[in-house]
Amino acid sequence: MWLDIGCGEAHNPRLVAARGARLGAFDLAPAFLRQAVASERTHPAGVRYLRASVVDLPFRSAAFDVAMAPMSLVDLPGPTRALAETFRVLRPGAFFQFSITHPCVVTPHLRWGRDAVGWKLARQVGRYFDRLSDEIEEWMFGAAPPEIRERVWVFRVPRFDWTLAEWLNRPNEAGFRRERALEPCPSDEVARPHPAIADGRLLPNFLQLRWRKPSP
Ligand SMILES: C[S@@+](CC[C@H](N)C(=O)[O-])C[C@H]1O[C@@H](n2cnc3c(N)ncnc32)[C@H](O)[C@@H]1O
């Protein structure tokens, strides 16, 4: 049984379920869960949803074979409790994969340097060690069509920044062993028709880390 941590409106668990996994997914936000449950009703994928917080999981120990947390641990004030709880609910030998915005590339200060015609060339990053526990960020999907942007509010999310060393050390301290790291880079064929992700060809905006709970 797989577990998706912070599933949002459930795009990812539905993709995984479509490939044959038995999966439970949870999120803290009722609005996301309503959307997830609505999708399950109209297009059943066999995913079970629950409202819960990753810092206090309502599951027995060693209940899951795999856990994934795409882009959800970054929304926590600090992932230490979440990592301990995830470790507890995984069976020995299970793997845990999470993705985060790349801490060295997506820093509190960032500015693009461009060439003479305005193409992005390089990014200035800074304030890497700042702790922004009371900073609220506002943003909107840059690629959303104007008619959508007019209809929806900007997102307001608290911003928490951990350094690369912290993201590498804390899961170890929770008991996990690191297996693999990946910095996704869109191919030229993918990036060309989607300018919003083209800067991922210059710098890794995301970092994916895979861990394993050791067998005794
Ligand atoms: C950036 S979204 C990512 C959603 C989804 N995983 C995806 O990749 O589309 C972060 C998600 O984490 C959820 N979240 C934040 N804190 C949480 C917590 N303590 N427990 C469970 N989910 C949480 C948010 O409600 C939100 O749905």
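Author: Begin with how elements are named. Helices are DSSP runs of H or I with at least four residues, strands are runs of E with at least two, and both are numbered from the N terminus. On that scheme, Ser39 lies in helix 2, which covers residues 30–42. Keep in mind that this is a predicted model.

Reader: How many helices and strands does the protein chain have?

Author: The protein chain has six helices and 11 strands.

Reader: Back to Ser39. Is Ser39 buried or exposed?

Author: The cut-off decides: buried means under 20% relative accessible area. Ser39 has 19% relative accessibility, so Ser39 counts as buried.

Reader: Which residues is Ser39 in contact with, leaving aside neighbours within four places in sequence?

Author: Ser39 is in contact with Arg14 and Pro44, once those neighbours are left aside.

Reader: Let us turn to a strand. Where is Leu23?

Author: Leu23 is in strand 2, residues 23–27. Its relative accessible area is 1%, so Leu23 is buried.

Reader: What is Leu23 in contact with, its neighbours within four places left aside?

Author: Leu23 is in contact with Met1, Trp2, Pro13, Val16, Gly46, Val47 and Arg48.

Reader: Now the loops. Where does Phe129 lie, and is Phe129 buried or exposed?

Author: Phe129 lies in the loop between strand 7 (120–126) and strand 8 (135–139). Exposed means over 50%. Phe129 has 66% relative accessibility, so Phe129 counts as exposed.

Reader: Which residues does Thr163 touch, not counting those up to four places away in sequence?

Author: Thr163 touches Pro103, Tyr128 and Phe129. Thr163 itself is in the loop between strand 9 (155–159) and helix 5 (164–174). At 11% relative accessibility, Thr163 counts as buried.

Reader: What should I look for in backbone angles?

Author: Most residues other than glycine have a negative phi. Ala10 has a positive value, near 85 degrees. Met71 also has a positive phi, near 60 degrees.

Reader: Where do Ala10 and Met71 lie?

Author: Ala10 is in the loop between strand 1 (2–5) and helix 1 (11–18). Met71 is in the loop between strand 4 (64–70) and helix 3 (80–89).

Reader: How do Ala10 and Met71 count, buried or exposed or partly exposed?

Author: Ala10 is buried, because its relative accessible area is 0%. Met71 is at 30% relative accessibility, so Met71 counts as partly exposed.

Reader: Next, cysteines. How many disulfides does the structure hold?

Author: A disulfide is a covalent bond between the sulfur atoms of two cysteines. The structure holds zero disulfides. Take Cys104: the nearest cysteine sulfur is that of Cys185, 16 Å away. The cut-off for a disulfide is 2.5 Å. Cys104 is partly exposed, at 29% relative accessibility. Cys7, with 6%, is buried.

Reader: Step back to the whole chain. Why does its radius of gyration agree with a compact globule?

Author: A compact globule of 216 residues would have a radius of gyration near 17 Å; the protein chain has 18 Å, so the two agree. The C-alpha atoms fill a box of roughly 60 × 40 × 35 Å along the principal axes.

Reader: What do burial and contacts say for the protein chain?

Author: Of its 216 residues, 36% count as buried. Take the contacts between residues at least 6 apart in sequence: 66% of them join residues at least 24 apart.

Reader: And what about surface and charge?

Author: The protein chain exposes about 12900 Å², with carbon and sulfur atoms supplying 56% of that area. It has 30 positive and 24 negative side chains. The centres of these two sets lie 6 Å apart.

Technical notes
Residues numbered from 1 in each chain as written. Predicted model: local features only at pLDDT ≥ 70, side-chain atom pairs only at ≥ 80, totals over all residues. Heavy atoms only, no water. Buried < 20%, exposed > 50% of the residue type's maximum accessible area, 1.4 Å probe, protein only. Rg over C-alpha atoms; globule rule 2.2 N^0.38 Å. Contact = heavy atoms within 4.5 Å. Areas by Shrake-Rupley, 256 points an atom, 1.4 Å probe, with all protein chains shown as cover. Lys, Arg positive; Asp, Glu negative; His and termini not counted. Charge placed at Lys NZ, Arg CZ, Asp CG, Glu CD.
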